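Please read the points below with the model open beside you, taking them in order.

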Amino acid sequence: MKFLKNYLDRVRPNFEEGGKLHAFRSVFDGFDTFLFTPSTTAPKRGLQIHDAIDSKRTMIIVVLALMPCFFFGMYNTGYQHQLALGLDTFPFWDMMLYGFLSILPKVVVAYLVGLGIEFAFAQWRHEEIQEGFLVSGILIPMILPVETPLWMMAVAVAFSVIFVKEVFGGTGYNIFNVALVTRAVLFFSYPAQMSGDKVFVATGKALGYGTPVVDGYTCATPLGQIATHSGGALELTGAAGEPISAWDAFVGLIPGSFGETSVICILIGAAILLFCRIADWRIMLSVVVGGLFMGWIANTFETPTYPASYLSPVDQLLFGGFAFAAVFMATDPVTAARTTTGKYIYGFLIGVIAVIIRTYNNGYPEGAMLAVLLMNAFAPLIDYCVVQSNIRRRMRRTRINSKTA
Amino acid sequence: MAEKIDYKSVLFNPFSKNNPVIVQILGICSVLAVTAKLAPAMVMGISVIAVLAFSNVIISLIRNTIPTNIRIIVQLVVVAGLVVIVSQLLQAYAYDVSKQLSVFIGLIITNCILMGRLEAFAMANRPWASFLDGIGNGVGYAIILIIVGFFRELLGSGTLLGFQVVPDSFYEAGYVNNGLMILPPMALVTVACIIWVHRSRNKDLQEP
């Protein structure tokens, strides 16, 4: 650590005004403040309200909270691969290695593209680098199917970082969740590679490791199977044709996007976020309540036209990306509603809309992504209404008080 | 008579500095609707040039006889007449394209660019100047249509004017056409990109 600090201090003059590497000033600054407390802090005199946590530490805690899901995703990718091969042995380290090698290129590409664009924009605008992409870069591979081609992901990451974040002014100014827009862009641009029954189980070699599965192997996610279900009893099957129960979905050993299958790991992440007070429990709670409420309505009026209505309200929470969206997507402080009442409304509507989309639109097996994006757009309106009604209430109160006085 | 009109700027200003689509933000709706392929975009552009030029001339010729309180109706009648002619011509000589454009040829009547130019220019200027203004604005509109149509067809379908331009070897290597480019939202984003480039080249147009 000492050595690193000395090195940074030694090369610092190169990056300052007039130094020969001035063009990379923002990059240097980004790494310097990422590794150490900034050398220029507020002066000692005067009244200052100070918190030990800044946006960089916030981001790191979110990344830490994502780690259980990430490691489980690695394990599950290997596990599904073994099942797809028809094997019944599950060597732990082999599976972890296979999962790791499957996800590694995606994480690298997401960070390279996203941070590259962020660095370029920061340099161009003579601003400091904001670390917003630290979280997005790990979220993006986690919410995509494991077989997503790298170039597609790179295109979508570039699109969403430029058009959702940078044109609005960078980190903290985006109206939509960057990671979710990346997924939405992929979903609408390349539907064949983002849904259906060929992409959710890793079938090829991962960086040359593992055995490829026979051509023509298919396995849809539980929600995908429900959406295309027609007639007869609803039976969900996994990668090797074995039945899937709600308990499997809770543990997470089911086919799905990389990091969002295990509700247990998501709950661990939620606990970390809530313990560190990074995310707001009101949003998480109201998303869950909204999902249960709409799931209950859908289940009460179950109909063969919409097979997803056979799922019980609790199943609605366990399958698909609902839990992940509730904990990591809806709570994004930049795009969520800011007022306390607004947070309840925002979260509740996310839960309701997510279940409406997945139940009543068989074209979209999963609605959590679209629900969060839609409510991102409405969050400022919700805040406006809450603030206005508060102002009106206070105005009325002062009028009554002045009359009585 | 009014001050002398600079015919050159009347014709060429709408190409870039006063472009109806990317500076005045008019006619966006049809830009979104007809630009999924290049061919309909070009036909639409030519149709608008023709309708705009001739309706400008006709309104300019009769501008002193139109009673002010019914001028919008008169303008609409003139535009509607011309649009019907264009629509019939397309159905006769380019049936496929006219089917692709469907209602949007008819909706030229409601294109804001037309009403804008008739109200703002043809009602106050002589026929020759109005004709040039119509051509200029029509071409300004068509340029944007063609640029947007070019990118949307190239990236969305891998073709240009129906001919495949993305080589087969790309598809074999795993390239896939971008389905989002076919959908209207990407037309909006493409127009936004054009505006972005245009504004950064013409700093005087940047809003504070």
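Predicted model: local features only at pLDDT ≥ 70, side-chain atom pairs only at ≥ 80, totals over all residues.

1. Across the interface of chain A and chain B, two residue pairs are found in polar contact, both at pLDDT 80 or more; a polar contact is a pair of N or O atoms within 3.5 Å, where within protein one must be able to donate a hydrogen and the other to accept it, and residues adjacent in sequence count only if both atoms are side-chain atoms.

2. Residues are numbered from 1 along each chain as its sequence is written, chains are lettered from A and ligands numbered from 1 in the order in which they are written, and side-chain values use heavy atoms, with hydrogens and water left out.

3. The contact (heavy atoms within 4.5 Å) takes 12 residues from chain A and 12 residues from chain B. The area buried between the two chains, meaning the accessible area (1.4 Å probe) that two parts lose on being put together, summed over both, is about 890 Å², and carbon and sulfur atoms give 75% of this area. A:Trp151, A:Phe163 and A:Ser189 supply 40% of the area that chain A buries against chain B, more than any other three residues.

4. Which residue in the loop between H6 and H7 of chain A deserves a look? A:Asn177 lies in that loop, and A:Asn177 counts as buried because its relative accessibility is 4% (buried means under 20% relative accessible area, exposed over 50%, partly exposed in between, with a 1.4 Å probe and protein chains only). The side chain of A:Asn177 reaches the backbone nitrogen of A:Ala179 at 3.1 Å. Leaving aside neighbours within four places in sequence, A:Asn177 is in contact with A:Met329, A:Asp332, A:Thr335, A:Leu373 and A:Asn376.

5. Over all chains the count of disulfides comes to zero, a disulfide being a pair of cysteine sulfur atoms within 2.5 Å. The sulfur of A:Cys265 is 5.4 Å from the closest cysteine sulfur, in A:Cys69, and is therefore too far for a bond; A:Cys265 counts as buried at 10% relative accessibility.

Definitions and conventions: Helix = DSSP H or I, 4+ residues; strand = E, 2+ residues; numbered from the N terminus.
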